[in-house]
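Open the model in your viewer and keep the selection panel at hand. The tour moves from the overall layout to single residues.

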Amino acid sequence: MTSAPARRHAIDLDDFSGDEIEALLETAESMKEVLAREIKQVPALRGRNVVNMFYEESTRTRISFELAARALSANIVNFTARGSSVEKGESLVDTVRTLQALGADIVVMRHSQAGAPYLAAQHFRGSVINAGDGRHAHPTQALLDLFTIRERLGQVRGVQVVIVGDIVHSRVARSNLWGLTRMGAHVTLCAPPTLLGPAAYWTATWPEVRVCHRFDEALAGADVVMALRLQKERQQAGLLPSLREYTRRYGLTPERLERLGERTLIMHPGPMNEGVEIAPEAVVAPNAVIEAQVTNGVAVRMALLYRLAG
Ligand code: NCD
C-alpha cells in the first residue's frame, strides 16, 4: 500500500490520486469487517465532533455519514438549514465559523449551490467533506461506487462502465468520471443530447471517455450499467419530449435487462424513479447491486472520516 500525503478536505475526486483511492478502498474493506461484527463500533474518532450540514434533502447520504461517524465513536450533530439561524439570514461562512467556535472538527456538507463546500473549506480550520453540491460533485458516492465495482468484479481497471441518463444535472456522474478514469475503467456516457450537456466538455476533460446517444449501442460489452435519476427538480421544461419516450430510449427496461445477461452489474445511486430510468425488474435482478451500494456507503464514509481525522 502506498501512503498518500495528508489530506484535509474531500471536495471532489479530481485531486485524489489512484494510490490514494486504492488506499481508501482498502481501509473501507477493514471498516466493512467492523460493520459485520456484533459490536459495530471502534474507538478511532472518539472525542471528535462531526457536523452533518445538509442544506438539501437526503436520506441515504445523511444517514450513512451519521452511522459512519457513530461506528467510529465520533460525536455527530445533525444540522439542517430549516430551523437554524440560516432562516434569519445567517450566511454560509458565518454558519461554518459558528460551528467551528462550537468545536466542530469535520463538517459534512450538502448544498444545492455548486462550490458551497469549497467556500466553507476556506473558512473552516477543520475538514470539510462534500456530500453533494449542486451539479458539481459527490465524491463519497463515487468512492462507494468504485468500492462496489471492485468488490463485485475484483478490480476497476479495464472495466467497461456505461453511465446513462440525466448526466447534465448529475454530480454523481462527474465525480465518477474522475474516480473511474483515475482507476483505469473505460467509461461511456449515454444520454439524449439535451441531457448530456456539451459533449466537447466531457471529451476535453476526460479524453478517454466515449459519448454515445444510443443506449443499445452503448450497452454492447458493458460490465457495469449505472443508471441516473432523472432530476426533475433541476430541469427546466423542454429537455424531454415525454417520459415514455425517454424510458423507451434510455430506460433500463425489461427487454434491455434480458439482453444484458447476468454478468453485467446494475447500479443506481438512488433515489430511483422506478419505471422511468430503471424498470422494477432491473432493481431486483440478481446482478443489481443497488442495495450493496447503499450498504457499502457506510464503510467507505468511515474510511474517509478516518483518513481526514488521522
Ligand atoms: C444522488 C445525489 O443526491 O446526488 N443521490 C445520492 O446521494 N445517493 C443522486 C440524485 O439525487 O439523483
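The centres of domain 1 and domain 2, taken over C-alpha atoms, are 25 Å apart. This is a predicted model. For the colouring, the domain assignment gives 13-138 together with 295-309 as domain 1, and 139-293 as domain 2.

**Stop 1: the domain interface**

Select the residues of each domain that touch the other. On the domain 1 side there are 35 residues in contact, and on the domain 2 side 29. Between them the two domains bury about 2,800 Å², with 58% of that on carbon and sulfur atoms. Which residues of domain 1 lose the most area to domain 2? They are Leu13, Arg135 and His138, which together make up 30% of what the domain 1 side buries.

Now look for charged pairs. The rule finds four salt bridges across the interface of domain 1 and domain 2. For the whole model the count by this rule comes to 17 salt bridges.

**Stop 2**

Show the side chains of Lys32 and Glu151. They meet in a salt bridge, at 2.7 Å from N to O. Lys32 sits in helix α1 (residues 18-36) and Glu151 in helix α5 (residues 139-153), so this pair ties together parts of the chain that are 119 residues apart in sequence. With a surface display, Lys32 comes out as partly exposed at 28% relative accessibility, and Glu151 is also partly exposed, at 35%.

Next, select Glu22 and Arg150. Their side chains form a salt bridge with an N to O distance of 2.8 Å.

**Stop 3: a network of charges**

Select Arg7, Asp15, Glu20 and Arg307 as one group. Salt bridges link these four residues in a network.

**Stop 4: β3, α4 and β4**

Strand β3 (residues 106-111) pairs with β4 in the parallel sense, over five bridges. To get from β3 to β4 the chain passes through helix α4 (residues 116-122), and this β-α-β crossover is right-handed.

Is β4 mostly covered or mostly open? Strand β4 (residues 127-133) is mostly covered, seven of its seven residues being buried. In a regular strand, side chains alternate between the two faces of the sheet.

Stay in this region and pick Ala121, which is found in helix α4. Ala121 has a relative accessible area of 11%, so with the cut-off for buried at under 20% it counts as buried. What does Ala121 touch, leaving out residues up to four places away in sequence? The contacts are Arg8, His9, Ile11 and Val128. His9 is 112 residues from Ala121 in sequence, yet the two C-alpha atoms are 7.3 Å apart in space.

**Stop 5: salt bridges within helices**

Select helix α3 (residues 92-101) and show Asp94 and Arg97. They form a salt bridge, with the closest N and O atoms 3.7 Å apart. The two residues are three positions apart in the helix, so about one helical turn separates them. Asp94 is partly exposed at 35% relative accessibility, and Arg97 is partly exposed at 43%.

Then go to helix α10 (residues 243-250), where Arg248 and Glu245 lie three residues apart, about one turn of the helix. Arg248 forms a salt bridge with Glu245, the closest N and O atoms being 3.2 Å apart. Here Arg248 is exposed, with a relative accessible area of 55%, whereas Glu245 counts as partly exposed at 26%.

**Stop 6: two backbone details in loops**

Zoom in on Ser73, in the loop between α2 (60-71) and β2 (75-80). Although Ser73 is not a glycine, its phi is positive, at about 70°. Ser73 also counts as buried, at 13% relative accessibility.

Finish at Pro271, in the loop between β9 (265-267) and α12 (280-283). Display the backbone here: the peptide bond that joins Gly270 and Pro271 is cis, with omega about -10°.

How values were computed: Residues numbered from 1 in each chain as written. Predicted model: local features only at pLDDT ≥ 70, side-chain atom pairs only at ≥ 80, totals over all residues. Heavy atoms only, no water. Buried < 20%, exposed > 50% of the residue type's maximum accessible area, 1.4 Å probe, protein only. Helix = DSSP H or I, 4+ residues; strand = E, 2+ residues; numbered from the N terminus. Pairing = 2+ DSSP bridges. Right-handed = clockwise from strand over helix to strand, strands pointing away. Domains from an automatic or database assignment. Contact = heavy atoms within 4.5 Å. Buried area = accessible area lost by both parts, 1.4 Å probe.
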